[in-house]
Amino acid sequence: MVSVNAGAAWAKQLFPVVGSAGMTALRVGLAALMLLLAVRPWRSLPSREDARNLLVYGVMLGLMNLLIYGAFARIPIGIAVAIEVTGPLAVVILSSRRARDFAWVACAALGLGLLLPLQTDTVALDPLGVACALGAAFCWAMYIVYGKRVSSLRGADAVAWGMLAASVFAVPVGVAQAGAALFTPAMLGGGLLVALLSSAIPYTLEMMALARLPRRVFGILVSAGPALAALAGYLMLGESLTGMQWAAICLVIFASAGAAATARGSE
């Protein structure tokens, strides 16, 4: 979570040059190349069922990256991640199905209600940015579900195959937006750092975690994401949040951690 949010803040600084989709293309494309060279997943080809799951996992990964970077371009990254983390929260809630979990849903809904652009004052958020973050939340939920299904593959094979599928989906979109600006030495260097911090390192660590941790424990850890993202945005980008926005982020974190902690079973 520290790595991915530091990478997100660094990536946002490069949006004025290549746009959010262009930065996504660099992040996902370079991460896929690094993982393919390091892991060489073709040495052990997946089964047909695993290949289908890997395809969905990869497409969700690519779309999640496009959408969350689209959100980062329009709203503070701490708020975007607070909205996005409702995806893992939904996974926990749906896998538990107990009446008291509606309390966590209500808590998260209250937090989102404080964040959504329903106001008319100066802190109202860009509606498109919020919509992108909500779309990324759905993709993150699917990423967890399908990531769990392929986490038994050898080593980091699942991440390498998934990142390849994500790059086939996301890179053409980024190239269409940014064009030749993507391939300057400065942008390739910046993209390489983002790919390491935001994709290659954290997704490999997440896959290792999914293979070893129950989903509820994973959800508790992920719930810290909005606070870390807001901190990265403040330290690296100077993004200051209002007291109300911090309260909303805390409500979403509390809902995510509480739902994960009380979820039944070890799935």
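Start by selecting Met1, Ser3, Val4, Pro202, Leu205, Glu206, Ala209, Leu213, Phe218, Leu221 and Val222, which line the largest pocket. A pocket here is an open set of points on a 1 Å grid over the protein atoms alone, with protein on both sides within 12 Å along at least five of seven lines, and lining residues have an atom within 4 Å of a point. Colour α1, α9 (185-212) and α10 (215-222) next, as these are the elements giving two or more residues to that lining. Helices are DSSP runs (H or I, at least four residues), numbered from the N terminus. The biggest contributor is α9, with four residues. About 180 Å³ of space lies in this pocket, the volume being the space filled by probe spheres set on the points, with grid points joined across faces, edges and corners.

A word on ground rules: this is a predicted model, with local features needing pLDDT of at least 70 and side-chain atom pairs counting only at pLDDT 80 or more, while totals for chains, interfaces and linings use all residues. Residues are numbered from 1 along each chain as its sequence is written, and side-chain values use heavy atoms, leaving out hydrogens and water.

Which helix gives the most to the cavity lining? That's α3, with five residues.

Glu84 leads you to helix α4, where Glu84 is one of the buried residues. Select residues 77-84: eight of the eight are buried, so α4 is largely enclosed by the rest of the structure. Buried means under 20% relative accessible area, exposed over 50%, and partly exposed in between (1.4 Å probe, protein chains only).

Hop over to Arg40, in the loop between α2 (15-39) and α3 (48-72). Most residues other than glycine have a negative phi. Arg40 is partly exposed, with a relative accessible area of 40%.

Last stop: Trp10, in helix α1 (residues 2-12), is partly exposed at 32% relative accessible area.

Notes. On a 1 Å grid over the protein atoms alone, a cavity is a set of points where a 1.4 Å probe fits but cannot get out, and a pocket is an open set with protein on both sides within 12 Å along at least five of seven lines; lining residues have an atom within 4 Å of a point.
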